[in-house]
Amino acid sequence: MNVDRNTKFLMIALICGLFLNGLTPWIKPSDVGAKENTAISENGNNSDCNSARKNSIKSLDGVNTIERMVGYIESKVNDIERGVSEIDRKLEGLSPSYEKNEN
C-alpha cells in the first residue's frame, strides 16, 4: 500500500496522541477532591442527618402500618375460609336432593 509521507506523519501523531491519552491516569492522576465533613455543624445539629432520620422513621411507620393491614386481611381471609368450610360440611350432611341438583 502506497502511503505518502504526510499521511504517515499524521497516523503516527494520532497513534501517539491516543497512546498518551490512555496513559494519562498513570502519568498524572486527577485529584479526588474528597473533603471531610464533620457530622456536627456549628449549632450542634446536622440537618442532613435529621432529615434522613425523619424519613427513615416515616418509612418504618409505613412498614408497620402495612404489616398491621396485612395481618388484618389475613385474619379476615382465614375467617372466610372457616365459614366456607362450615358451609361445605353442612351441605354434605343435607339430603340426597342436594347432590342431584349439583350434577
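The side chains of Arg82 and Asp79 meet in a salt bridge, with 3.1 Å from N to O; the term stands for a side-chain nitrogen of Lys or Arg within 4 Å of a carboxyl oxygen of Asp or Glu. A search of the whole structure finds 1 salt bridge. You are looking at a predicted model, in which local features need a pLDDT of at least 70 and side-chain atom pairs count only at pLDDT 80 or more, while totals for chains, interfaces and linings use all residues. Residues are numbered from 1 along each chain as its sequence is written, and side-chain values use heavy atoms, with hydrogens and water left out.

Let's stay with this pair for a moment. Arg82 lies in helix 2, which covers residues 47-92. Because Arg82 and Asp79 are 3 residues apart in helix 2, about one helical turn separates them. How open are the two partners? Arg82 counts as partly exposed at 48% relative accessibility, and Asp79 is partly exposed too, with a relative accessible area of 37%. Here buried means under 20% relative accessible area, exposed means over 50%, and partly exposed lies in between (1.4 Å probe, protein chains only).

Stepping back to the whole chain, you will find 3 helices and 0 strands, in the pattern α-α-α along the sequence. Both kinds of element are DSSP runs numbered from the N terminus: helices are H or I with at least four residues, strands E with at least two. Of the chain's 103 residues, 1% count as buried. The chain exposes about 10200 Å², and carbon and sulfur atoms supply 58% of that; the area comes from the Shrake-Rupley method with a 1.4 Å probe.

Helix 1 (residues 5-27) is worth a visit. Its 23 residues should span 33 Å at 1.5 Å a residue, and the end C-alpha atoms are 31 Å apart, which agrees. The expected span is 1.5 Å times one less than the number of residues. Along the way, a kink of about 30 degrees lies at Asn21, shortly before the proline Pro25; the bend is the angle between axes fitted to the seven residues ending at a residue and the seven starting there. Since the number of buried residues in helix 1 is 0, this helix lies largely in the open.

Finally, a word on confidence. The chain averages a pLDDT of 78, and 71% of the residues score at least 70; pLDDT is the predictor's confidence in each residue, from 0 to 100. Confidence is highest in helix 1, at 91, and lowest in helix 3 (residues 96-102), at a mean of 57. Where pLDDT is low, the predicted coordinates should not be read in detail.
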